[in-house]
Amino acid sequence: MVRLSRIRVVRCLLATAAAAGLAIMPMATSAAESKAKGDHHPRYDYPTAVRADYVIGCLASNGFKHELLGKCACGIDTIADMMPYDDYEKADTILRMQQGGLGDRGAMFRDTPIAKDEVEKLRRAQAEVNLRCT
């Protein structure tokens, strides 16, 4: 098995892309460049899989229209601005359990003050999404 250094791998990929006629744009930007472009970084960090799940769910509920990708990404960024991940995870779990058809066993996910408070936090964040992400 041949081990290539990262630099050699990158050079090989760049050469292959150039041979195929593809333009490679640099991905890294400085913090100053990000601020100048208006890039926004949410207050709270969420796992990538959770962010992707939200965006995919948003796209699915809107017919997978490509033009909504930015709006859906804005949605999870807005929520991540307003709620720590732990609170989001609690509210999301409660909502999933409420939809699960648990009958009487699901009462603790519907009827407790804690469950109602957690879901209300998420509802407020979602209302803000509707205002910010048009």
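**View 1. Asp 87, a buried residue of helix H5 in this predicted model.** Asp 87 has a relative accessible area of 16%, and because buried means under 20%, Asp 87 counts as buried. Its side chain meets that of Lys 121 in a salt bridge, with 3.5 Å from N to O. This pair links distant parts of the chain, since Asp 87 belongs to helix H5 whereas Lys 121 belongs to helix H7, 34 residues apart. Lys 121, at 27% relative accessibility, is partly exposed.

View 2. Lys 90 is partly exposed, with a relative accessible area of 43%.

**View 3. Glu 118 and the network of salt bridges.** Glu 118, in helix H7 (residues 113-132), is buried at 9% relative accessibility. Leaving aside neighbours within four places in sequence, Glu 118 is in contact with Asp 87, Lys 90, Ala 91 and Ile 94. A network of salt bridges links Glu 118 with Asp 87, Lys 90 and Lys 121.

**View 4. The salt bridge between Arg 132 and Asp 81.** The closest N and O atoms of Arg 132 and Asp 81 are 3.2 Å apart. This pair, too, links distant parts of the chain, with Arg 132 in helix H7 and Asp 81 in helix H4 (residues 69-82), 51 residues apart. Arg 132 is partly exposed at 41% relative accessibility, whereas Asp 81 is buried, with a relative accessible area of 14%.

Key:
Residues are numbered from 1 along each chain as its sequence is written. This is a predicted model: local features need pLDDT of at least 70, side-chain atom pairs count only at pLDDT 80 or more; totals for chains, interfaces and linings use all residues. Side-chain values use heavy atoms; hydrogens and water are left out. Helices (H or I, at least four residues) and strands (E, at least two) are DSSP runs, numbered from the N terminus. Buried means under 20% relative accessible area, exposed over 50%, partly exposed in between (1.4 Å probe, protein chains only). Contact means heavy atoms within 4.5 Å. A salt bridge is a side-chain nitrogen of Lys or Arg within 4 Å of a carboxyl oxygen of Asp or Glu.
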